[in-house]
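Q: Could you walk me through how to read burial, contacts, fold and pockets here?
A: Gladly; let us take them one at a time, starting with a single residue.

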Amino acid sequence: MQDEVIGVYEKEEEKSRILEILKKYSYDDLVKTEHFLYSIEEKGTDIKLLKEKFRDFDKVRLIIKRKHKTNGRISYDFYYKLNEQLYLMYAVS
C-alpha cells in the first residue's frame with residue numbers, strides 16, 4: 001500500500017512556512033521510531049551526519065507532504081542538497 005503525496009513544496013515561501021515549525025526542534029528532540037533505527041542500521045547511515053546537517057535548513061530544496069494509508073498520519077520529507085551528487089532526506093511525522 002503506497003502513501004499518498006498530498007503536497008509538494010519547492011518555492012521558498014512555501015518551504016519557509018513549513019520550516020518555521022521544524023526550526024523549533026533539534027535533532028535530539030525528534031522521537032526515533034524502531035523503523036528509523038532499523039533503517040539507519042540497514043543502510044549504514046552515519047548518525048553523526050544526520051545530527052550535524054539537521055539544522056542546515058538553507059539546504060532544503062524540496063518538501064513532500066504524505067499521508068500514510070496504513071495509519072492516516074501525515075509526514076513531511078525534507079530533501080537537503082549537500083552537494084551536486086548527494087541529497088539527505090529526513091522524514092518527520
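Q: Is His68 buried or exposed?
A: The general idea is a cut-off on relative accessible area: buried means under 20%, exposed over 50%, and partly exposed in between, with a 1.4 Å probe and protein chains only. His68 has 16% relative accessibility, so it counts as buried. Please keep in mind that this is a predicted model, where local features need pLDDT of at least 70 and side-chain atom pairs count only at pLDDT 80 or more, while totals for chains, interfaces and linings use all residues. Residues are numbered from 1 along each chain as its sequence is written, and side-chain values use heavy atoms, with hydrogens and water left out.

Q: Where does His68 sit, and which residues does it touch?
A: Helices (H or I, at least four residues) and strands (E, at least two) are DSSP runs, numbered from the N terminus. His68 falls in the loop between strand 2 (60-67) and strand 3. Contact means heavy atoms within 4.5 Å. Setting aside residues up to four places away in sequence, His68 touches Asp3, Arg73 and Ser75. As for Phe36, it is 32 residues from His68 along the chain, with 16 Å between their C-alpha atoms.

Q: What about Thr70: buried or exposed?
A: Thr70 also belongs to the loop between strand 2 and strand 3. With a relative accessible area of 68%, Thr70 is exposed. The C-alpha atoms of Thr70 and Gln2 are separated by 8.8 Å, although the two residues are 68 apart along the chain.

Q: How should I read the lysines Lys53 and Lys48 in helix 3?
A: Look at each one's accessibility, then at its partners. Lys53 is found in helix 3 (residues 47-53), and its relative accessible area of 18% makes it buried. Beyond residues up to four places away in sequence, Lys53 touches Tyr80, Leu82, Leu88 and Tyr90. Lys48 lies in helix 3 too, but at 68% relative accessibility Lys48 counts as exposed. From Lys48 to Glu84 there are 36 residues in sequence and 21 Å in space, C-alpha to C-alpha.

Q: Which residues is Phe57 in contact with?
A: Leaving aside neighbours within four places in sequence, Phe57 is in contact with Leu19, Leu22, Lys23 and Tyr80. Phe57 lies in the loop between helix 3 and strand 2 and is buried, with a relative accessible area of 9%. One of those partners, Leu22, is 35 residues from Phe57 in sequence and 9.1 Å from it in space, C-alpha to C-alpha.

Q: Stepping back, what pattern does the protein chain follow?
A: Read along the sequence, the pattern is β-α-α-α-β-β-β, with three helices and four strands. The radius of gyration is taken over C-alpha atoms, and the globule rule is 2.2 Å times the number of residues to the power 0.38. Here the radius of gyration is 13 Å, close to the 12 Å that the rule gives for 93 residues, so the chain is as compact as a globular protein of that length. Its C-alpha trace spans about 35 × 35 × 30 Å along the principal axes.

Q: How many of the 93 residues count as buried, as a percentage?
A: The share is 28%. Among contacts between residues at least 6 apart in sequence, 52% join residues at least 24 apart.

Q: How do I read the pockets?
A: Rolling a probe the size of a water molecule over the atoms shows where empty space is left. On a 1 Å grid over the protein atoms alone, using a 1.4 Å probe, a pocket is an open set of points with protein on both sides within 12 Å along at least five of seven lines; lining residues have an atom within 4 Å of a point. Points are joined across faces, edges and corners, and a volume is the space filled by probe spheres set on them. The largest pocket has a volume of about 960 Å³. Its lining has 24 residues, with Thr33, His35, Phe36, Ala91 and Val92 nearest the centre. Helix 2 (34-43) and strand 4 (86-92) are the elements that give two or more residues to that lining.

Q: What is the volume of the second largest pocket, and which element gives the most to its lining?
A: The second largest pocket holds about 230 Å³ of space, and helix 1 gives the most to its lining, with four residues. Lining residues include Arg17, Ile18, Tyr76 and Val92.
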